[in-house]
Amino acid sequence: MTITENAPAGAASESGAVEHVDVVVIGAGVSGIDAGHHLRERFPDKSFVILEKMPGRGGTWWTHRFPGARSDSDLFTYGYAHKPWRGPSIATSEEITNYLDEVIEEDDLKAAIRYRHEVTAASWSSSEHRWTLDVLRGDTGETVQMTCDFLWMCQGYYNHQDPYRPEWPGTERYIANGGVIAHPQTWPEDLDWEGKRVVVIGSGATAATVVPAMAEKAAHVTMLQRTPTFVAAVPKTHELAVQLRALDIPEDWTHEILRRAYIEQFNELTRMCLETPDEAREFLLGEMRPLLPEGYDVEKHFNPSYRPWQQRIAVVPDGDIFTAISEGRASVVTDTIDTFTETGIRTSSGEELEADIVVSATGFNLSALGDIPFTVDGEPVDVSQQITWRGIMISGIPNMAYVFGYFRHSWTLRADLVSDLVCRLLAHMEAKGATTVTPTLRPEDADMEIRPWSDPENFNSGYVMRSQHKMFKQGDRAPWTHMHEYAEERHTLPAADLDDGSLQYR
Ligand SMILES: Cc1cc2nc3c(=O)[nH]c(=O)nc-3n(C[C@H](O)[C@H](O)[C@H](O)COP(=O)(O)OP(=O)(O)OC[C@H]3O[C@@H](n4cnc5c(N)ncnc54)[C@H](O)[C@@H]3O)c2cc1C
């Protein structure tokens, strides 16, 4: 991946003057670049910058450089509505960042993005009706200030620098004896696993990606999981895409047709998982069985205790992990860790797993609004006590929108919907002559039941459950709820009433 140059002009406040723009977008990942596209298209006269703390674009696709890093969504829905996807349905990290580079080029966003600019604090002033941001410049080490009218948070949902690292007994003796523990989020560039014995701890999408990728040249890869995950084999390239491309159909038509096909296929699976979970379980297990060796214990290793879709289903292109298992290059152990030893890991049932390298694909630390401290008129905001407005704004925080994509469906489907709504809101404020918009509970919301950020019945992945307490809350009625499905939000968000009293304008 290339390092992307800092925007040459106007780096925050070298002259000492505080620079002001209409909108600041935080983060140059998939969501921040989408925000930039929408601002360029809808508000050519508005000034904006995208502040990104890392030295390059891509967010998740910049951070994750582990072997085989790829999407598990199809790129027709993970790609933007406005920009046709021309590659295979499941794409590598590099293919995704190349696509993002094209968007940056086409929308002329290069000069708007400021790399190595980390927002470390955000303060709202009602009298000045603007945000003041503290921005730490990684290139000079100085903290400068910027002001803006509207803050568009595209910082993602997890801490990029600090992955979740459970503590296991014995790691020090394993490391002292030459063992290596690598984390997918901070992958050591010079790690060589050719001919090595590898244990990957974890069972989620990352483990399902890294296991077959490392098994291509490792001596053997063992996936050590505490609990199984549903794994679904999908074709890397959709048959329909091959047919349409062979007919020389325009790429934007192919994009739209494939988008609809994938959305419908996904909605159907989601419906089945929610309405007839036993049938969905049997369907998923039935799809896996023929891809694994005869007599393989599918129940033990691939049948989770939770309902299908209560946690993410790991998607594997062309069943690559099942092929690696069938060819004896990879295996699965479902057990817990008793201790690391000098030479690997001993499980609770006493099995010794010899390992030159251990990969801890153990997930994220969730982060609420990038863990940036927010103040409103000098008062610190405890985000965990606030309530979401449609999963886009937060009660009591003026002129701020955030992007949180779907857990199950492609993240970008929601980023696009949120971008549309934020642009509609900015235009609405202009039309009203308002400088401030604040989500505020209405008198009829006074008796509302306050619910946790994520309902465990609906979605209960480990990283969500571990960090619930840090996250803002939701209510029991619209517009104070979130985490709805795309099938619903594609209709409700474009129709959302911006004058229903839940947004206060000044
Ligand atoms: C390995 C992996 C594979 C995935 N695959 C899929 C998939 O196939 N489909 C899917 O839907 N989802 C997938 N996801 C989820 C993925 O995170 C989202 O799809 C999407 O990339 C999130 O984009 P984002 O721009 O919102 O956030 P991020 O990608 O997290 O980017 C946020 C950016 O904001 C920057 N930032 C944060 N705080 C600050 C600050 N204070 N100041 C300045 N900059 C800041 C970060 O440095 C980062 O660059 C995957 C996640 C991982 C880890």
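Helices α12 and α14 run roughly parallel to each other, where roughly parallel means an angle under 35 degrees. Keep in mind that this is a predicted model, in which local features need pLDDT of at least 70, side-chain atom pairs count only at pLDDT 80 or more, and totals for chains, interfaces and linings use all residues. Residues are numbered from 1 along each chain as its sequence is written.

Let's stay with that helix pair. Two packed helices are described by the angle between their axes and the distance between the axes. Here α12 covers residues 411-432 and α14 covers residues 486-495, and their axes come within 10 Å and cross at roughly 10 degrees. The axes are lines fitted to C-alpha atoms, for helices over the stretch in contact, with angles running from 0 to 180 degrees between N-to-C directions. Helices here are DSSP runs of H or I with at least four residues, strands are E runs of at least two, and both are numbered from the N terminus.

Who touches whom? On the α12 side you'll find Leu413, Arg414, Leu417, Asp420 and Leu421, which meet Tyr486, Glu489, Arg490, Leu493 and Pro494 of α14; contact means C-beta atoms, placed from the backbone, within 7 Å. Sorted by class, that contact holds six nonpolar, no polar and four charged residues. Nonpolar covers Ala, Val, Leu, Ile, Met, Phe, Trp, Tyr, Cys and Pro, charged covers Asp, Glu, Lys and Arg, and the others, Gly among them, are polar.

A few loops deserve a look at the backbone. Between α13 (462-467) and α14 sits Pro479, and the peptide bond from Ala478 to Pro479 is cis, with omega near 0 degrees.

Two aspartates have positive phi. Asp248, in the loop between α7 (239-246) and α8 (251-275), has phi near 60 degrees. It counts as exposed, with 8 C-beta neighbours inside 10 Å; the cut-offs are 12 or fewer for exposed, 20 or more for buried and partly exposed in between. Asp377 lies in the loop between β17 (374-376) and β18 (379-380), and its phi is about 50 degrees. Asp377 is exposed, with 10 other C-beta atoms within 10 Å.

Terms used. Parallel < 35°, antiparallel > 145°, perpendicular 65-115°, else oblique. Contact = placed C-beta atoms within 7 Å.
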